[in-house]
Amino acid sequence: MIQTACDASSPRDSMIVDAHVVVVDDDPRLRRLLQRYLSEQGFRVSAASSAQEARQVLGFMQPDALVLDITMPGENGLELTRELRREKHDFPILLLTARGEPEDRIIGLEAGADDYLAKPFEPRELLLRLKAHLRRFVPPVPSSNLRIVRLGLLEFDPVRGLLSNADGIVHLTGGESALLSVLARHPNEILSRTEIATTLDMDEIGERAVDVQVTRLRRRIEPDPKEPRYLQTVRGKGYVLKPGL
């Protein structure tokens, strides 16, 4: 799993080393290119040419991230993403596709993906996005100003990014955890969709992507997602997290 560098003076952005990434794409040329490039950047990389092969890999190891092509024969990337989320796999999933329209990206987010990259793309952009998502799984430096947030029977630790109840950890995807962390750092404060999108590096897909993540998060934290008690919409202004019992 993810390890951190020993040099405490290094920026947190450079702390991710030795993460294990699974690349799933039916294009052998692109698969080999990504496998070689990410390996050169210090990642451990496994590759699969189909959803079926990916399941075989996931059957004996838990990766730190999944880079997944959408358009594959048989089970496609969207279907595999939905199934992995139903199975409570919470590692970051980055979808690759030849279609780059905003609506296509929203569909990917709704399926449970954390990010979406349209082909053709620069490998360096994929690298930067991977690091951004993996960074959320590296424990940040503790801060005495951040306290446990109570959401009914749930507790959220904004330092570790963990949501839990009496039965243990409640699994969140990287995107859900990142959104809740942003809101938990500003309890009872209205945050605009633009502010949230900027903080979560969603500027490219914008406010609609924020709405999708909010909908997903409400399914995790609200007794009735259709009547939100804790994560409320403030018409014309944005969203506010209201902790409480």
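Predicted model: local features only at pLDDT ≥ 70, side-chain atom pairs only at ≥ 80, totals over all residues.
Residues are numbered from 1 along each chain as its sequence is written. Local features need pLDDT of at least 70 and side-chain atom pairs count at pLDDT 80 or more, while totals for chains, interfaces and linings use all residues, and side-chain values use heavy atoms, with hydrogens and water left out.

Reader: In what order do the five strands of the parallel open sheet stand?
Author: Helices (H or I, at least four residues) and strands (E, at least two) are DSSP runs, numbered from the N terminus. Two strands pair if DSSP finds at least two bridges between them. At the edges of this sheet stand strand 4 (44-48) and strand 7, each pairing on one side only. The order is 4-3-5-6-7.

Reader: At what angle does helix 4 run to strand 7?
Author: The buried residues of helix 4 (residues 102-111) include Ile106, Leu109 and Ala111, where buried means under 20% relative accessible area with a 1.4 Å probe, protein chains only. These buried residues pack against helix 3 (77-86), strand 6 (93-97), strand 7 (115-118) and helix 8. Angles run from 0 to 180 degrees between N-to-C directions, with axes fitted to C-alpha atoms. Helix 4 packs on the sheet, touching strand 6 and strand 7, and its direction makes with that of strand 7 an angle of about 145 degrees.

Reader: Which strands form the edges of the open sheet of four strands?
Author: This sheet has the order 8-9-10-11, with antiparallel pairing. Each edge strand pairs on one side only. The edges are strand 8 (149-151) and strand 11 (168-170).

Reader: Which residue of strand 9 stands opposite Val149?
Author: Strand 8 and strand 9 (residues 154-157) pair in the antiparallel sense over three bridges. Opposite Val149 stands Phe156.

Reader: Why are helix 6 and helix 8 described as roughly perpendicular?
Author: The axes of helix 6 (residues 174-184) and helix 8 (residues 207-221) come within 10 Å. Angles of 65 to 115 degrees count as roughly perpendicular. The two helices are therefore roughly perpendicular to each other, their axes crossing at roughly 85 degrees.

Reader: Which residues of helix 6 make the contact with helix 8?
Author: Contact means heavy atoms within 4.5 Å. Helix 8 contributes Gln213, Val214, Arg216, Leu217, Arg220 and Ile221. From helix 6 come Gly175, Glu176, Leu179, Leu180 and Leu183.

Conventions
Parallel < 35°, antiparallel > 145°, perpendicular 65-115°, else oblique. Buried < 20%, exposed > 50% of the residue type's maximum accessible area, 1.4 Å probe, protein only.
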